[in-house]
Amino acid sequence: MMSVIGKRVKGIVDRPAGSVHPRHPDIVYPINYGYVEGVLAGDGAEQDVYVLGTKDVLKTFEGTVIAVYHRFHDVEDKWIVSLDLSVEYTDEEILEAIYFQEQYFDGELQKVDI
C-alpha cells in the first residue's frame, strides 16, 4: 500500500468538485474525486482518489500519490493525489480536505516524504 506513494497516476474524475454523492445527497464534494484507470482496488473497481491542487471542476487528472487514507473496516483504501508537487500539504490539510466523506469511516492517513 505505501509503495504507491510517490507514483505518478492519471485517471477520470467522476465526481467533480461541487457534485453530489450519487447515493447520499447530503454529501457534496468540495474537491475532485475519481479513479485511476487500470488499477483495481480491493473492492474490484478501479482505485478511488481524492485530487488536491485545484477547486476547478476536472474531467481527468494526472498527478502524484502523496498519501493513502487507510479505512480500517473497508476493503479499499483511498489515494490522495496532488496535481502539483511544489505545493506541500500537511496531514491536517489533507484530512480536512477529505473529511466531508471520511468522517463516516474509521481510518488513518499514511504519508511519507517523497
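**Strands, core and a buried histidine**

Author: Strand β5 (residues 78-82) is joined to β3 by four bridges, and the two run parallel. Please note that this is a predicted model.

Reader: Which residue of β5 does Tyr50 stand opposite?

Author: Tyr50 stands opposite Ile80 in β5.

Reader: And on the β2 side, how many bridges join β2 to β3, and in which sense do they run?

Author: Five bridges join them, and β2 and β3 run antiparallel. Among the facing residues, Tyr35 stands opposite Asp48 in β3, and Asn32 has Val51 of β3 as its bridge partner.

Reader: What lies between β2 and β3?

Author: The two strands form a hairpin with five residues between them. Gly44, in the turn, has a positive phi of about 85°.

Reader: Is β3 largely enclosed or open, and why?

Author: It is largely enclosed by the rest of the structure, because six of the seven residues of β3 are buried.

Reader: What does Tyr50 contact, apart from its neighbours in sequence?

Author: Leaving aside neighbours within four places in sequence, Tyr50 is in contact with several residues, including Ile31, Tyr33, Trp79, Ile80, Ile98 and Phe100. Its contacts also include Arg71, Lys78 and Glu102.

Reader: Turning to the largest nonpolar core, which residues touch the most other members?

Author: That core has 16 residues, and those touching the most other members are Ile31, Tyr50, Leu52, Ile66, Ile80 and Ile94. The elements giving two or more residues to this core are β3 (46-52), β4 (60-71) and α1 (91-102). The most comes from α1, with four residues.

Reader: What about the second core; which residues does it include?

Author: The second core is separate and has 13 residues, including Val4, Ile5, Val13 and Val36. Val13 also stands opposite Gly34 in β2. As for the pairing there, β1 and β2 are antiparallel over four bridges.

Reader: A change of topic: where is His21?

Author: His21 is in the loop between β1 (8-15) and β2 (32-40).

Reader: Does His21 count as buried or exposed, and why?

Author: His21 counts as buried because its relative accessibility is 7%, and the cut-off for buried is under 20%.

Reader: What does the side chain of His21 reach, and which residues does His21 touch?

Author: Its side chain reaches the backbone nitrogen of His24 at 3.2 Å. Not counting residues up to four places away in sequence, His21 touches Arg15, Ile27, Tyr29 and Gln101. Gln101 is also among the contacts of Tyr50.

Definitions and conventions: Residues are numbered from 1 along each chain as its sequence is written. This is a predicted model: local features need pLDDT of at least 70, side-chain atom pairs count only at pLDDT 80 or more; totals for chains, interfaces and linings use all residues. Side-chain values use heavy atoms; hydrogens and water are left out. A nonpolar core is a set of buried Ala, Val, Leu, Ile, Met, Phe, Trp, Tyr and Cys residues joined through side-chain atoms within 4.5 Å. Buried means under 20% relative accessible area, exposed over 50%, partly exposed in between (1.4 Å probe, protein chains only). Contact means heavy atoms within 4.5 Å. A polar contact is a pair of N or O atoms within 3.5 Å; within protein, one must be able to donate a hydrogen and the other to accept it, and residues adjacent in sequence count only if both atoms are side-chain atoms. Two strands pair if DSSP finds at least two bridges between them.
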